[in-house]
Amino acid sequence: MENVNSNKFFDSAKQRAANILKNQERLLNLMKASGAKLKEIDVEKLKDNKFIDRIKVIIRMVKAYKSGEYRDIRWQSVLLLVAALVYFVTPIDLIPDFIPITGLVDDFSVIVWVYSNLKEEIERYILWEEDKVAERK
C-alpha cells in the first residue's frame with residue numbers, strides 16, 4: 001500500500017472516525033473492539049511484533065485524549081489515530097482479515113503509515129506517559 005490516502009477503505013475509516021469521535025460510547029466500543037482484536041492475533045506468526053506495540057500506543061493515546069488527560073495533539077492527528085483503529089477492527093478492507101496473517105498486511109500498512117506520519121506527536125505522548133509513570137514513583 002504505497003499511499004494510504006488513496007485507499008477507499010481508509011477514506012471510509014476516516015469518515016467513520018469523525019463520527020465516532022463525536023460519541024463517547026462509540027469511541028469506548030472502538031477501544032474495546034481494538035483490544036479484543038489484538039488478543040486474537042497470533043503474535044508468534046507475525047514477523048514484526050512492533051505492529052502490536054504500535055497499536056497499543058495508539059489505543060492508549062486515544063484513551064488519554066478521550067479522558068481529557070492528554071491534549072497535546074492536533075485534532076487531525078486524533079482523527080487519523082481513530083481512523084487507523086477503525087480500519088484495524090473492520091473485517092472488510094483491502095485484504096479481508098479472515099485470511100490468516102495475510103489479512104493483516106493492509107492493517108499493518110495503515111498502522112505503519114499513520115504511526116510514521118504522526119511520529120513526533122506519538123513520541124511526545126510516550127515521553128508524557130513515561131513522565132507520568134515516573135511521577136508516581
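## Starting from one leucine

Which residues is L81 in contact with, leaving aside its neighbours within four places in sequence? In this predicted model, the list is I58, M61, V62, I73, V114, L118 and I122.

L81 belongs to helix 4. Because the cut-off for buried is under 20% relative accessible area, L81, at 1% relative accessibility, counts as buried. L81 can also be compared in sequence and in space with V57: the two are 24 residues apart along the chain, while their C-alpha atoms are 10.0 Å apart.

## The overall plan

Let us step back and look at the whole chain. The protein has six helices and zero strands, so reading from the N terminus gives the order α-α-α-α-α-α. Of its 137 residues, 42% are buried.

Contacts tell us about the fold too. Take the contacts with a separation of 6 or more: 69% of them are between residues 24 or more positions apart.

## The nonpolar core

In soluble globular proteins, nonpolar side chains tend to be buried together. Here, the largest nonpolar core has 41 residues. F10, L81, V82 and V114 are the ones with the most contacts inside this core, and so we meet L81 again.

Which elements give two or more residues to this core? They are helix 1 (8-21), helix 2 (24-40), helix 3 (50-67), helix 4 (75-89), helix 5 (105-117) and helix 6. Helix 4 supplies the largest share of the core, with eleven residues.

## Two pairs of packed helices

Two packed helices are described by the angle between their axes and the distance between the axes. For helix 2 and helix 4, the angle is about 50° and the axes are 9 Å apart. Helix 2 is therefore oblique to helix 4, and their crossing is left-handed. On the helix 2 side, the contact is made by L27, L30, M31, A33, S34, K37 and L38. Helix 4 meets them with V82, L85, V86, F88 and V89.

Now turn to helix 3 and helix 6, which pack at an angle of about 75° with their axes 11 Å apart. Is this pair roughly parallel or roughly perpendicular? Since angles of 65 to 115 degrees count as roughly perpendicular, helix 3 is roughly perpendicular to helix 6. V57, R60, M61 and A64 of helix 3 take part in this contact, together with E121, I122, Y125, I126, W128 and E129 of helix 6.

## A closer look at E121

E121, one of the residues in that helix 3 and helix 6 contact, sits in helix 6 (residues 119-136). Is E121 buried or exposed? Its relative accessibility is 7%, so E121 counts as buried.

What does E121 touch, not counting residues up to four places away in sequence? The answer is M61, Y70, D72, I73, R74 and S77. With S77 there is also a polar contact of 2.3 Å that joins the two side chains.

## One more buried residue

Our last stop is I52, which lies in helix 3. With a relative accessible area of 8%, I52 is buried.

Terms used. Residues are numbered from 1 along each chain as its sequence is written. This is a predicted model: local features need pLDDT of at least 70, side-chain atom pairs count only at pLDDT 80 or more; totals for chains, interfaces and linings use all residues. Side-chain values use heavy atoms; hydrogens and water are left out. Helices (H or I, at least four residues) and strands (E, at least two) are DSSP runs, numbered from the N terminus. Buried means under 20% relative accessible area, exposed over 50%, partly exposed in between (1.4 Å probe, protein chains only). A polar contact is a pair of N or O atoms within 3.5 Å; within protein, one must be able to donate a hydrogen and the other to accept it, and residues adjacent in sequence count only if both atoms are side-chain atoms. Contact means heavy atoms within 4.5 Å. A nonpolar core is a set of buried Ala, Val, Leu, Ile, Met, Phe, Trp, Tyr and Cys residues joined through side-chain atoms within 4.5 Å. Axes are lines fitted to C-alpha atoms, for helices over the stretch in contact, and angles run from 0 to 180 degrees between N-to-C directions. Angles under 35 degrees count as roughly parallel, over 145 as roughly antiparallel, 65 to 115 as roughly perpendicular and the rest as oblique. A crossing is left-handed if the near helix is turned anticlockwise from the far one by less than a right angle, and right-handed if clockwise.
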